[in-house]
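May I ask you to look at the chain on the screen before we discuss it together?

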Amino acid sequence: MKINGGIRYFERGIDLSIRAMQVQTELMSIANENIIGFDKIGYQRQEAVVSSFSEFIGVNGISKTTDTKIGRIAMSDNPLDFAIATEGYFQTEGDDGIKLTRDGRFKLDKYGNLLTLDDRRVLSNAGMPIVLPTIPEKVEDVKVDESGLVKVLDKNTGELLLAGHIGVVDANGMIVMEPQIKQGYNEYSNVALQNEFMTMMPIIRNFDANRQLFMIQNQNLQKVISQLGSAS
């Protein structure tokens with residue numbers, strides 16, 4: 001007795017070309033997203049992860065991962081701007097829960113709450129909103145050291161009053177013990193434009209090649225249909 005087995009997979013070339021173009025379009029979209037985010041404060045580069053099965057399952061075989069390298073840190077003229085000089089994220093809280101961000105552009109409301117630009121509360125390493133014990137006359141009276149310790153100058157006594165620690169956590173929510181916070185600085189994206197353009201070039205060439213194959217196969221299919229029609 002002889003047993004023969006195996007798997008045979010047949011698919012039209014025109015379908016393969018379409019699916020390949022969809023995959024390459026998604027890859028170009030990720031690269032474009034990085035290029036757009038180049039000058040955004042706190043933006044982290046997104047990197048495409050392409051499954052070996054993407055040839056068969058198309059865009060469902062593509063996922064994204066975040067590049068956590070430190071971005072470009074530049075001085076700011078606002079004492080309430082902060083940059084994290086290591087990996088980690090500020091914790092912020094809003095009506096939709098807690099979110100993480102590397103955008104350290106903060107502000108104070110009239111009650112002394114430390115807020116993000118979109119009015120989310122900045123949390124301490126204890127998970128509580130940071131509220132200054134006294135309202136400063138000017139933002140320069142707020143002092144934050146590299147560990148995230150927040151103090152504010154009391155205009156009546158001339159003493160620095162403790163307001164808490166700015167909470168910096170990793171992607172898993174664990175506290176970063178040495179966050180290396182820099183007051184008066186902004187962190188721009190970690191995107192290198194030349195790398196993004198170099199990444200896009202082979203993707204564009206592959207897209208054009210698959211587009212040409214699609215056009216050739218489509219023309220051949222139309223010719224066959226036309227000949228069958230005339231023969232009948």
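Predicted model: local features only at pLDDT ≥ 70, side-chain atom pairs only at ≥ 80, totals over all residues.

Residues are numbered from 1 along each chain as its sequence is written, and side-chain values use heavy atoms, with hydrogens and water left out.

Let us begin with the chain as a whole. Along its principal axes, the C-alpha trace spans about 100 × 50 × 30 Å. The secondary structure comprises three helices and 15 strands; these are DSSP runs numbered from the N terminus, with helices (H or I) having at least four residues and strands (E) at least two. Of the 232 residues, 35% are buried. Here, buried means under 20% relative accessible area, exposed means over 50%, and partly exposed lies in between, with a 1.4 Å probe and protein chains only.

Among the contacts with a separation of 6 or more, 59% are between residues 24 or more positions apart; a contact means heavy atoms within 4.5 Å. As for the surface, the chain exposes about 14200 Å², of which carbon and sulfur atoms supply 54%. Such areas come from the Shrake-Rupley method with a 1.4 Å probe, and for residues only the protein chains shown count as cover.

I turn now to charge. The chain has 24 positive and 30 negative charges, and their mean positions are 9 Å apart. Lys and Arg count as positive and Asp and Glu as negative, while His and the chain ends are not counted. The place of a charge is taken as NZ of Lys, CZ of Arg, CG of Asp or CD of Glu.

How many salt bridges does the structure hold? There are 11, a salt bridge being a side-chain nitrogen of Lys or Arg within 4 Å of a carboxyl oxygen of Asp or Glu. One of them joins Arg102 and Glu187, with 2.8 Å from N to O. Arg102 lies in the loop between strand E6 (97-101) and strand E7 (104-108), and Glu187 lies in strand E15 (residues 185-187), so this pair ties together parts that are 85 residues apart in sequence. Arg102 counts as buried because its relative accessibility is 2%, and Glu187 is likewise buried, at 3%.

Another salt bridge links Asp96 and Lys99, at 3.0 Å from N to O. Lys99 is partly exposed, because its relative accessible area is 44%. In a further pair, Lys138 and Asp141, the closest N and O atoms are 3.4 Å apart. Lys138 is partly exposed at 44% relative accessibility, but Asp141 is buried at 9%.

Is Asp154 buried or exposed? Asp154 is buried yet has no salt bridge, and the nearest side chain of opposite charge, Lys155, is 7.6 Å away. Asp154 sits in the loop between strand E11 (149-153) and strand E12 (160-165). Leaving aside residues up to four places away in sequence, Asp154 touches Thr134, Glu159 and Leu161.

Asp67 is also in a loop, the one between strand E2 (62-66) and strand E3 (73-75). Asp67 counts as buried because its relative accessibility is 10%. With residues up to four places away in sequence again set aside, Asp67 touches Gln44, Arg45 and Asn190.

Finally, consider the loop between strand E13 (168-169) and strand E14 (181-183), where Met177 is placed. Met177 counts as exposed, because its relative accessibility is 70%. Gln180 is found in the loop between E13 and E14 as well. Although Gln180 is a residue other than glycine, its phi is positive, near 55 degrees. Asp119, not a glycine either, has a positive phi of about 70 degrees; its place is in the loop between strand E8 (114-116) and strand E9 (121-122).
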